[in-house]
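Please describe the fold shown here.

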Amino acid sequence: MEEWVSVSFAQDQDGRSFRQTRRWSAMPKEEEAKPPPTLIERIEQNDPTLKELAGFGGYGYYRIATALRKNATITSFKLSNCQLGGDRDEGCIYLMQALIARRSTLKRISLARNFIGFNGAAAVANFIRASQDDPSIYHSIRLDLLQNCFGDEGARVIADAITDGTLQDKAQTIVDIGLEKNRIGNEGLMYISNMLHENNTLHTLRLGKNDISYEGVMKSLVPVLKQNTTLRVLDLSGNRHIGDLGAAALAGVLSFNQTLETMILTKCSITEEGAKRLLQALYNYTSPSAVLEQSNHTLRELIVCQNPILSTSFVGHTTFLRDAIHWNQQGIASSRIYKLNSFLMSVHGPRFVHSTNVPIELIPKLVHKIWRIDKSIDAVYSYIRGMPEILEI
């Protein structure tokens, strides 16, 4: 608050002079409220509350990319529908160059629905290579490229970037990649499968709604999945030409692959024949040894909805399919016990009870007791092998 003092001299009625002092002050002006910082200012000033960039806030991609070069706080980029494709994919190229230059931790990059073509895919590949050079900064990145249009050639450059890092003993940084709706066919699947053969960090691969057929699945993907030990989630939904032949090939994988946990096969034109092959892979009830050694005990989620498989004759099998998945969700040891018990009850239960006078409800406990002593397939099978009547099919 500002204050003023005025001194003057005056005379009273008798003519005597005296000093007169006056004080007054002005009310302070209200400070004008500062406008909130713009998105560009928050990026350039490393706003600690700005951890995720969702959209460009009305700015162009060049202005945002320039600001990002000065930023070290944003760890997640959700840039769907930001018009980064087209015009030779300049928007995607500027953005990837900025992410390489900033050299700061990243956890997720989503460039979905930007209609990025080959040039943009090549820019993404350059970023992947740069990230492999500095694993202390870049690690465990989730990369979402849903609904772009880079096709087989774009899949090739991205897969090659990941593969090159593996062959050069560089750190792998991509753990989750989404390539749905990118016009990827069997040729692109071949490049991706070759990458899976070398890679040991990717745990989620999403290839839904592309142009993949059963031929690509059988020729390229299946041989790799039989050996891969890191992939946990595989999404092939919406590839309508996979059909029963592709489902049967994938069922064959499940007997070898004991690390895959989720397989999504919605809208893949799978009928009752293909569904039965998948069921048998999860619960092979042809013999006790098949139950223990040839059934898959790790797949916890199999999504096959929106396929023409629900015929009247298959309804009875849906319960087995649901039970097999539920048993797998309990863990490998529990899955083996539950499936073995189901086999004994459905096929050999009455004969087993009659010949040994053991109540059928105690079978899981007996198997579990053996499992506590020796958690191996051989131990349980040796127990079963000691009862010849059980082995008769």
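## Overall content

Of the 393 residues of the chain, 49% count as buried. The model is a predicted one. Its secondary structure comes to 15 helices and 11 strands. Among contacts with a separation of 6 or more, 76% are between residues 24 or more positions apart.

Two strand pairs can be followed in detail. Strand 10 (residues 262–264) runs parallel to strand 11, and three bridges join them. Here Met263 stands opposite Leu302 of strand 11. Strand 6 and strand 7 also run parallel, joined by four bridges. In this pair, Asp144 faces Gly178 in strand 7.

How many residues of strand 7 (residues 174–178) are buried? Five of the five are, so strand 7 is largely enclosed by the rest of the structure.

Helix 4 (residues 118–132) is one of the elements in contact with strand 7. The buried residues of helix 4 also pack against helix 3, strand 5, strand 6 and helix 5. Those buried residues are Gly120, Ala121, Ala123, Val124, Ala125, Phe127, Ile128, Ala130, Ser131 and Gln132. The length of helix 4 can be checked. It has 15 residues, so at 1.5 Å a residue it should span 21 Å. Its end C-alpha atoms are 21 Å apart, which agrees.

## Helix pairs

Two packed helices are described by the angle between their axes and the distance between the axes. For helix 2 (residues 61–68) and helix 3, the axes come within 8 Å and cross at roughly 5°. That makes helix 2 roughly parallel to helix 3, as the angle is under 35 degrees. Helix 2 contributes Tyr61, Tyr62, Ala65 and Leu68 to the contact. Helix 3 contributes Glu90, Gly91, Tyr94, Leu95, Ala98 and Arg102.

Helix 6 (residues 186–198) and helix 7 pack at an angle of about 5°, with axes 8 Å apart. They are therefore roughly parallel to each other. On the helix 6 side, the contact involves Asn186, Leu189, Met190, Ser193, Leu196 and His197. These meet Glu215, Gly216, Val217, Ser220, Leu221 and Val224 in helix 7.

## Helix 8

Helix 8 is mostly covered, with 10 of its 12 residues buried. The buried set is Gly243, Asp244, Gly246, Ala247, Ala248, Ala249, Leu250, Ala251, Val253 and Leu254. What do these residues pack against? Their partners are helix 7 (214–225), strand 10 and helix 9 (272–282).

The span of helix 8 (residues 243–254) can be checked too. At 1.5 Å a residue, its 12 residues should span 16 Å. The end C-alpha atoms are 17 Å apart, which agrees.

## Arg206

Arg206 lies in strand 8 (residues 204–206). The side chain of Arg206 has a polar contact of 2.5 Å with the side chain of Asp176. Another polar contact, of 3.5 Å, joins the side chains of Arg206 and Glu180.

Neighbours within four places in sequence left aside, Arg206 is in contact with Leu143, Asp144, Asp176, Ile177, Gly178, Leu179, Glu180 and Asp235.

## Ala155

Ala155 belongs to helix 5 (residues 151–167). Is Ala155 buried or exposed? Ala155 is buried, because its relative accessible area is 3% and the cut-off is under 20%.

Beyond its neighbours within four places in sequence, Ala155 is in contact with Phe150, Ile184, Gly188 and Ile192. Met190 is 35 residues from Ala155 along the chain, and their C-alpha atoms are separated by 9.5 Å.

Technical notes
Residues are numbered from 1 along each chain as its sequence is written. This is a predicted model: local features need pLDDT of at least 70, side-chain atom pairs count only at pLDDT 80 or more; totals for chains, interfaces and linings use all residues. Side-chain values use heavy atoms; hydrogens and water are left out. Two strands pair if DSSP finds at least two bridges between them. The expected span of a helix is 1.5 Å times one less than its number of residues. Buried means under 20% relative accessible area, exposed over 50%, partly exposed in between (1.4 Å probe, protein chains only). Contact means heavy atoms within 4.5 Å. A polar contact is a pair of N or O atoms within 3.5 Å; within protein, one must be able to donate a hydrogen and the other to accept it, and residues adjacent in sequence count only if both atoms are side-chain atoms. Axes are lines fitted to C-alpha atoms, for helices over the stretch in contact, and angles run from 0 to 180 degrees between N-to-C directions. Angles under 35 degrees count as roughly parallel, over 145 as roughly antiparallel, 65 to 115 as roughly perpendicular and the rest as oblique.
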